[in-house]
Amino acid sequence: MTTPSQYASVRYLVDDVQAAVDFYTTHLGFTVHTSAAPAFADVVRGPLRLLLSGPTSSGARATPADAATAGRNRIHLVVDDLDAEIDRLRGSGLDFRGEVVAGPGGRQILLTDPAGNLVELFQPASTPTAPVTP
C-alpha cells in the first residue's frame with residue numbers, strides 16, 4: 001500500500017466532501033484513498049494526493065477565517081489531448097472558466113470543482129525532436 005509520504009499533497013477546502021470526491025473520481029481520473037465523509041476524504045492521481053476538507057474537518061477548522069475561501073491557486077493536471085478532454089467533460093455537463101489559453105509551453109483551460117476550487121487542464125507543447133547526427 002502506498003503511504004501518504006509518497007505523495008505530494010494539496011489541501012482543498014470544500015463545502016461538500018462527497019460532491020468533491022464524486023467530481024474528482026468521475027471526471028478527472030482520481031481514486032479514493034480514504035474517506036471520512038462528510039468531514040474529510042483524500043483522492044489520488046499519480047503522485048498527487050488531494051485532501052478534501054469539509055467544514056467540520058480539522059484542516060478547515062485550522063484555517064483563519066480571512067483565508068477560508070478558495071484562492072487563485074490551482075492544481076495542474078497534464079493531459080495528452082486537451083481538446084478531447086474538453087469535449088469529454090463538456091459532454092458530462094461540466095462548464096469551464098474561460099477559453100483555452102495557449103503559450104510557448106502549451107495550452108490550458110480552467111474548470112472548477114463543486115466548491116469553486118480551480119483545476120487547470122494542461123497539454124504541453126510538442127517538443128521538436130533534435131536531428132540525429134551520424
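What covers the buried residues of helix α3? The cover includes α1 (17-27), β6 (96-103), β7 (106-112) and β8 (118-124). Contact here means heavy atoms within 4.5 Å. Buried means under 20% relative accessible area, exposed means over 50%, and partly exposed is in between, with a 1.4 Å probe and protein chains only.

Some ground rules. This is a predicted model, where local features need pLDDT of at least 70, side-chain atom pairs count only at pLDDT 80 or more, and totals for chains, interfaces and linings use all residues. Residues are numbered from 1 along each chain as its sequence is written, and side-chain values use heavy atoms, with hydrogens and water left out. Helices (H or I, at least four residues) and strands (E, at least two) are DSSP runs, numbered from the N terminus.

Back to α3. The helix spans residues 82-91, and L82, E85, I86 and L89 are buried in it. Look down the axis of α3: the buried residues fall within an arc of 100°, so they line one face of the helix. That arc is taken from the directions from the helix axis to the C-beta atoms. The face turned away from the buried side carries D87 and G91, both exposed.

Now the two ends. At the start of α3, a side-chain oxygen of D81 comes within 3.2 Å of the backbone nitrogen of D83. Just after the helix, G93 has a positive phi of about 90°.

What does α3 lie across? It lies across β6, β7 and β8, and runs at about 175° to β6. Axes are lines fitted to C-alpha atoms, for helices over the stretch in contact, and angles run from 0 to 180 degrees between N-to-C directions.

Those strands belong to a sheet. It is open, has four strands in the order β5-β8-β7-β6, and its pairing is mixed. The edge strands are β5 and β6, each pairing on one side only. Two strands pair if DSSP finds at least two bridges between them. β6 and β7 run antiparallel, joined by five bridges. In one of these, F96 has L111 of β7 as its bridge partner.

There is another open sheet. Its four strands come in the order β1-β4-β3-β2, again with mixed pairing. β2 and β3 pair antiparallel over five bridges, and T31 stands opposite V44 in β3.

Let's visit β4, residues 48-53, which holds S53. Buried or exposed? S53 counts as buried, because its relative accessibility is 1%. Its side chain makes a polar contact with the side chain of R11, at 2.7 Å. A polar contact is a pair of N or O atoms within 3.5 Å; within protein, one must be able to donate a hydrogen and the other to accept it, and residues adjacent in sequence count only if both atoms are side-chain atoms.

Last stop, the core. A nonpolar core is a set of buried Ala, Val, Leu, Ile, Met, Phe, Trp, Tyr and Cys residues joined through side-chain atoms within 4.5 Å. The largest has 26 residues, and those with the most contacts inside it include Y24, L52 and L121. Which element gives the largest share? α1 does, with five residues.
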